[in-house]
Amino acid sequence: MLTLENISVNYGAIEALNGITMHVEQGEVVTLIGANGAGKTTTLRTITGLLSPRAGRVLYEDEEISGLPTHKLVARGISMSPEGRGVFANLTVRENLQMGAYLKKNKREIAEDMERAYTMFPRLKERQSQKAGTLSGGEQQMLAMGRALMSRPRLLLLDEPSLGLAPLVVHTIFQAIEDIRSKGTTILLVEQNANAALRHSNRAYVLETGQIVMEGASQDLAADPRIKEAYLGE
Amino acid sequence: MPTFVKRLLFAVLVIAALFALNAMLSTQGLFGFGLDDYYGRLLTFIGINVILAVSLNLINGFTGQFSIGHAGFMAIGAYASAYMTVYHAPGWELALAGMVGADAAHVLIFVLAIFIGGLATALAGLVVGIPSLRLRGDYLAIVTLGFAEIIRIVILNIDKVGGATGLTVPGYTNFVWVGVFAVITIVIVHNIVRSDIGRALVSIREDELAAEAMGINTTRYKVLSFVISSAFAGIAGVLFAHYNKFLSTADFTFLRSFEIIIMIVLGGMGSITGAILGAAVITILPEALRQLPTVGLFGQEFNFADLRLVIYAALLIVIMLTRPQGVLGTREFGMNWLRRAQKRPEGDEAVGADTGVSIAERDTTPTADPVEEVKNK
């Protein structure tokens, strides 16, 4: 579904990504783990067109999307929950969800999708008339994910959804990720929380200083002694 | 169809009210209950400043792009239309008068002047906006300020429009013109803000990257907002030029830009009614302070007329310290008062009974059925 071929990205003279090749298949949850500065966010920014690769191609459903502006991806079925959540602080929860369906014209579908988001995250329904800026971090993350789903994406990109959240909320977020996958949306998950990410994904890539150093089934990686030592703290 | 008729009636009511006010703008006017020229001038300047503040609020308050070049765009509108009314309009008006009568010709010529002023400024807004809006925050502010000064200096060096000596312009503007365009500006900006475009603009203000991720072409919407905002500044410039009857680039320095910014910062960035309030207060305040008496205090004579700029500054500091979001913030004051007036134009009593609950208060009632909620929109 999504393929990165030999992607290299530079920030000026500094090489952030050095020949990354990875792929995400329909119906999978694929996670990209790595330490700070490994290039996780750079990879996502390259997929979403915020950065253009120096070399290599990004293919989505067999079409090249590298260099396409971010706003054109939504119409193609890619949706993103940005790092730091990026909710519209002065809009209400309901208005935030409506923004997620900005390109949708069918009002009945929008209403259905909104109900679905509320079913997935009942907390959002309780707070639907509240301004998003007054929500807790966990609720904002739920809102960012609910909003990203409003465009009915086939591929959902999640940038650090568990960042700065309480363990209980992290659990809720990962439950939601499983839930979204079971309903047929493919997910690329970028995470620092390797433990949770490996438990809730099918396959994983490990990124270190701009290169993919390991890849494989998440279960296998979780059992790998090198991963255990470097990322799982065992 | 009924909504259309109601809106038309509402528009007729507004214009009738403006004509009534205009008729009062002389000591002899309307059964002797007139306002003298001083107040007429003040009211007209409030109207012009309302156009400037409401339009600047579209790009600064709603879209969140801090532009401080409004005076430059005002100058383009003023000079472009003045060029037409000074060099071409007399001949055209004579020719038109033969066909449609003198009064209609007068009106048509000024409509054309406003159109030319607005169009020229919209084009200038497009040319300035496309490169500038790639920048954010302070950088955008500096660039727009720079463009405004460039526009002013260029005009200063065109002898055909008076250069440094200024240009005498025929007086087409009266209070009705200003009032009608102030209302048009408010209605258009209000409709934009409440439309899909408005939601896109507000989302850009809130988080540009997230807005992009929603599928919004942020560059296009920012430029659109900038161009519309500039066009209205140009129209305000046309009205100003033909009211003042004399044009000089000294009227369009960056101080003028700052004055408009102060209006929206004071009233509330992202509030149309706030911008109107700010425009009225900032126009009236220096005049009101001028009229305060001299007071003896601590053996000193305090002349408020001389101190008005100090008081004006102190007041702004107090407001910024106590309400940095402006008097109204992003809230609107009594907008449903207007909306109900549109729905029931016949019921002046019903309108009077409305207490004008703010939108923010109204929205706190959750709608039971989200399906209905979306359908109603």
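**Figure 1. Salt bridge between Glu63(A) and Arg76(A) in the predicted model.** The side chains of Glu63(A) and Arg76(A) form a salt bridge with an N to O distance of 3.4 Å; a salt bridge is a side-chain nitrogen of Lys or Arg within 4 Å of a carboxyl oxygen of Asp or Glu. Because Glu63(A) belongs to strand β5 (residues 63-64) of chain A and Arg76(A) to the loop between α2 and β6 of chain A, the pair ties together parts that are 13 residues apart in sequence. Helices (H or I, at least four residues) and strands (E, at least two) are DSSP runs, numbered from the N terminus. Glu63(A) is partly exposed at 44% relative accessibility, and Arg76(A) is partly exposed at 28%. Here buried means under 20% relative accessible area, exposed over 50%, and partly exposed in between (1.4 Å probe, protein chains only). Over all chains, the structure holds 22 salt bridges. This is a predicted model, in which local features need pLDDT of at least 70 and side-chain atom pairs count only at pLDDT 80 or more, while totals for chains, interfaces and linings use all residues. Residues are numbered from 1 along each chain as its sequence is written, chains are lettered from A and ligands numbered from 1 in the order in which they are written, and side-chain values use heavy atoms, with hydrogens and water left out.

Figure 2. Arg127(A) and Glu139(A) meet through their side chains in a salt bridge of 2.8 Å, N to O. The pair links distant parts of the chain, 12 residues apart: Arg127(A) is in the loop between α5 (122-126) and α6 (137-149) of chain A, and Glu139(A) is in helix α6 of chain A. Arg127(A) is partly exposed, with a relative accessible area of 23%, whereas Glu139(A) is buried at 4% relative accessibility. A network of salt bridges links Glu109(A), Glu112(A), Asp113(A), Arg116(A) and Arg152(A).

**Figure 3. Salt bridge joining chain A and chain B.** A salt bridge of 3.9 Å, N to O, is formed by the side chains of Asp196(B) and Lys105(A). Since Asp196(B) lies in helix α8 of chain B and Lys105(A) in the loop between α3 and α4 (107-120) of chain A, the pair joins two chains. Asp196(B) is partly exposed, at 36% relative accessibility, and Lys105(A) is exposed, with a relative accessible area of 62%. Across the interface of chain B and chain A, the rule finds 1 salt bridge.

**Figure 4. The interface of chain B and chain A.** The contact (heavy atoms within 4.5 Å) takes 29 residues from chain B and 27 residues from chain A. The area buried between the two chains is about 2,700 Å², and carbon and sulfur atoms give 60% of this area. Buried area is the accessible area (1.4 Å probe) that two parts lose on being put together, summed over both. The rule finds 6 residue pairs in polar contact across this interface (both at pLDDT 80 or more). A polar contact is a pair of N or O atoms within 3.5 Å; within protein, one must be able to donate a hydrogen and the other to accept it, and residues adjacent in sequence count only if both atoms are side-chain atoms. On the side of chain B that touches chain A, at least two residues each come from α8 (196-206), α9 (208-213) and α17 (370-376) of chain B. The largest share of that side, 8 residues, is supplied by α8(B).

Figure 5. The domain assignment of chain A gives domain 1 (2-77 + 154-231) and domain 2 (88-152), with bounds that come from an automatic or database domain assignment. Taken over C-alpha atoms, the centres of the two domains are separated by 24 Å. In this contact, 16 residues of domain 1 meet 12 residues of domain 2. About 1,100 Å² is buried between these domains, of which carbon and sulfur atoms give 83%. The side of domain 1 that touches domain 2 receives two or more residues from each of α2 (70-75), β7 (155-159) and α7 (167-182) of chain A. α7(A) gives the most to this side, with 7 residues.
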